[in-house]
Amino acid sequence: MCSIIGYYGKGSAAPILVKGLKRMEYRGYDSVGVATKSDNKIEVRKGVGKVTEVNDSENLDKLPGSIGIGHTRWATHGKVTKVNAHPHPSNSGKVVIVHNGIIENFNELKEDLQKNGFTFISETDTEVIANLLQQNYDQTSDVKKAIINTVSKLKGHYAFVAMFENGILAAARYHEPMIIGIGKNDYFLSSDVLGFIEYTDDAIYIDNGNLVFIDSSGIQISDFDGKPVKHQVTKVSKEFADAYKGDYAHFTLKEISEQPETILRAGEKTQSAIEQTSDFIKHAKTVYITGSGTSYNAALVAKYLMSKYAKIKIEAIISSELSTLPDSIEPNSIFIAVSQSGESADVLEAVNIAKKSNAKILSIANHKNSALVHESSLYLGMNCGPEIGVAATKSFTSQLAIIYKITDKLCDGCLGLDFKQISNSISNILSNHSKIQAIAKELKDVTDIYVLGRGIHHPIATEAALKLKEIPYIHAEGIPGGELKHGPLALMDSNVYVIIINPNDSTYTDTLTSASEIKARGAKIIGISDKKSDVYDHWIEIPNIKEAMFPMIEIIPIQLLAYYAAVEKDTDPDYPRNLAKSVTVK
Ligand code: G6P
């Protein structure tokens, strides 16, 4: 979603804000803006585009002053325009705010404010908060009271930082992330630790429903009624500081390339949590697993894997769908939520629904301080470090690694896990990138790609199709092998490319037959397999490994294919149009 940042210190605020925004740009990136305060004057600069572009045209980082706020936007209310970009000043310009989330009752609030003489220039819900703050501040001349009165009127999920003309920074967090960074002589308010990690690793993870006030006397945290609350300063784990792309052209390529190491770190030091998870699953009457996007595809792999190797029935649910069937969760079940960010609103809502049926929540997540982990009885850490590329890559294989560990525990070691071998196999595929790059050149002008996989390879086909949609914007569809003749075969002709996920396992022969049927209709076949076949127009070789483990490696060439196809098409693989990494609104 959007990213917000605030800075209160002694240094020059604007360059610090711009740098922080650049590092959080993956959260939303259609427009950007910064406001700073100096000599009792607030100045706002903003524009449409990426942080670097808008900074070049508007000189965001040249704004004077040592207090400021900034924002990158992912449009919800109103088009992508300069006027709709944040920060938004109130009518008098005495308050200016940046906001992440959605104010559900903004229309009613807007009408009330209009009756009181306020005017609006943007289409955003944020401008309503700015003017409401202004109204409450004019009535009380007290920042704290103004914020308390304002949040008491807001409905929805939000986090915002407001800067007042007297130099006070105030923030509110309600179901959207907000973290305080504590520097030597300064404070940061940020959606993500990446906003300040360069300056400090001391952080306060603000609780939901808390307010923060920063002025020259320091920092105060209270609840929404203004009662002070205790807070704890924690050290941000080191790997989250690693958010540079180094020599890589893009974060996406860096993150794909990190997988030989990240799969080894998944679930590290969580042996007892894995044991407990398997114990909970064994003794549960019903087990569910949920997620959104890539995390849902990982959940689907869990369904196949646990059913085949551990004889455990587990129902995979798309998080955003659960609200349509809220009574479908059996009482006292185990509910596993998979989410890289731990912030996805759909996943959090699904967890909420499951809790109403008294489900025990277990989470597989990358961010241990996230809202999801907060809601869970048990947490399994992916430990794959920050994933900046909007399309999930390394987080997927880390989720799978944890799912494999749980399954192996459930079946008393039947998988004979050897992650070192998987890691070597992934390195081997990565080193073969030039062949994949050459195929990607051919895909540049292709409009439709189908990805076919049988059994456990079907969720990988679905994940592959998601990557092809997200990164190079190619329409792609994952097809369960046996379903080909029940419809998709009608689409096969010489304009179509089909990726066949076909390791030499029990699905091999049937899948090869499907590939031949497709080829007979003139479509081009890209075979991903450890075994060569004349049916493939292009063969992407993967190493031969244990049958159960193929899903962990067969996604890698398709991640690379999607990445290189985007590079060929000259689109930005890290920041696909219209998407955001953590979708924190419904
Ligand atoms: C967004 C991202 C996807 C991601 C999904 C779930 O839609 O664009 O890449 O898979 O959210 O994210 P989560 O953080 O819950 O795993």
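View A. The lining of the second largest pocket draws at least three residues from each of domain 2 (246–417) and domain 3 (431–572). Domain bounds come from an automatic or database domain assignment. The model is predicted: local features need pLDDT of at least 70, side-chain atom pairs count only at pLDDT 80 or more, and totals for chains, interfaces and linings use all residues. Residues are numbered from 1 along each chain as its sequence is written, and side-chain values use heavy atoms, without hydrogens or water.

The volume of this second largest pocket is about 650 Å³. Its lining holds 37 residues, and Ser-292, Gly-293, Thr-294, Leu-466 and Glu-470 lie nearest the centre. Elements giving two or more residues to this lining are α9 (293–310), β17 (334–339), α10 (345–356), α12 (394–410), α15 (457–470) and β21 (475–480). Helix α15 gives the most, with 6 residues. By class, the lining has 14 nonpolar, 16 polar and 7 charged residues.

Terms for pockets and cavities: on a 1 Å grid over the protein atoms alone, a cavity is a set of points where a 1.4 Å probe fits but cannot get out; a pocket is an open set with protein on both sides within 12 Å along at least five of seven lines; lining residues have an atom within 4 Å of a point. Grid points are joined across faces, edges and corners, and a volume is the space filled by probe spheres set on the points. Helices (H or I, at least four residues) and strands (E, at least two) are DSSP runs, numbered from the N terminus. Ala, Val, Leu, Ile, Met, Phe, Trp, Tyr, Cys and Pro count as nonpolar; Asp, Glu, Lys and Arg as charged; the others, Gly among them, as polar.

View B. A ligand oxygen is 2.6 Å from an N or O atom in the side chain of Ser-295. Backbone polar atoms also take part: one of Thr-294 is 3.0 Å from a ligand oxygen, and one of Gln-340 is 2.8 Å from a ligand oxygen.

**View C. The largest cavity.** The structure holds 2 cavities of 30 Å³ or more. Of its 12 lining residues, Tyr-26, Asp-192, Gln-340, His-367 and Ser-582 lie nearest the centre. The lining divides into 4 nonpolar, 4 polar and 4 charged residues.

View D. Strand β6 (residues 95–103) gives the largest share, 3 residues. By class, the lining has 2 nonpolar, 8 polar and 2 charged residues. The peptide bond from His-86 to Pro-87 is cis, with omega near 0 degrees. Pro-87 sits in the loop between β4 (67–73) and β5 (88–89).

**View E. Two asparagines with positive phi.** Phi of Asn-59 is near 50 degrees. Asn-59 is in the loop between α2 (51–58) and β4. Phi of Asn-578 is near 65 degrees. Asn-578 lies in the segment after α17 (550–569).

Terms used. Polar contact = N/O pair within 3.5 Å; in protein donor to acceptor, adjacent residues only side chain to side chain.
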